[in-house]
Amino acid sequence: MEPDGERRLDRTQRDQPHLGLRDATAPWHASTERAFEQFDLRHREGYVAFLLAQAGALLPLADAVQQNGVDRFIADWGVRRRGNFVLADLERLCVPRELIPMCRLPDGASRPATAKAA
């Protein structure tokens, strides 16, 4: 272990930090995959439930990492964000906004035109 609990990053993790993040969070990703297997994506109701669950987990997390400067470590973070796609899909499926778990997006973050705050 390095000082302050930090470990030395290998070259791949230093040059492509998203790979290190992916590797470090692999057990949580596997757990998430298992949890989301319960949704039947063949039907609208199952897909809407899946998207609402995704929004509840993804939007607050994406906002938190954005607010804490993830773009300093992952240069292409802006193109990796997925929250806007989830919101756009929910809008296309005519899901009422009050059912969508929302959180404050960081200043300057883009939202799909159909999901802009009133």
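Colleague: Happy to look at this one with you! How many helices and how many strands does the chain have?

Modeller: Keep in mind that this is a predicted model. Read along the sequence, the pattern is α-α-α-α-α-α. The count is therefore six helices and zero strands, with helices taken as DSSP runs of at least four residues.

Colleague: Thanks! What share of the residues in the chain is buried?

Modeller: A residue counts as buried when its relative accessible area is under 20%. The chain has 118 residues, and the buried share of them is 25%.

Colleague: And what percentage of the accessible surface belongs to carbon and sulfur atoms?

Modeller: The accessible surface of the chain comes to about 8600 Å². The part that belongs to carbon and sulfur atoms is 55%.

Colleague: Now the pockets: which residues are the closest to the centre of the largest pocket?

Modeller: The largest pocket has a volume of about 970 Å³. It is lined by 22 residues, and the closest to its centre are Thr25, His29, Leu58, Leu61 and Trp77.

Colleague: Nice. Which element gives the most to the lining of the largest pocket?

Modeller: The elements that give two or more residues to this lining are α2 (17–24), α3 (26–36), α4 (44–67) and α5 (77–80). With seven residues, the element that gives the most is α4.

Colleague: Last one: how many residues of that lining are nonpolar?

Modeller: Leu and Trp are among the residue types that count as nonpolar, while Asp, Glu, Lys and Arg count as charged. The lining has five polar and five charged residues, and its nonpolar residues number 12.

How values were computed:
Residues are numbered from 1 along each chain as its sequence is written. This is a predicted model: local features need pLDDT of at least 70, side-chain atom pairs count only at pLDDT 80 or more; totals for chains, interfaces and linings use all residues. Side-chain values use heavy atoms; hydrogens and water are left out. On a 1 Å grid over the protein atoms alone, a cavity is a set of points where a 1.4 Å probe fits but cannot get out, and a pocket is an open set with protein on both sides within 12 Å along at least five of seven lines; lining residues have an atom within 4 Å of a point. Grid points are joined across faces, edges and corners, and a volume is the space filled by probe spheres set on the points. Buried means under 20% relative accessible area, exposed over 50%, partly exposed in between (1.4 Å probe, protein chains only). Accessible areas come from the Shrake-Rupley method with a 1.4 Å probe; for residues, only the protein chains shown count as cover.
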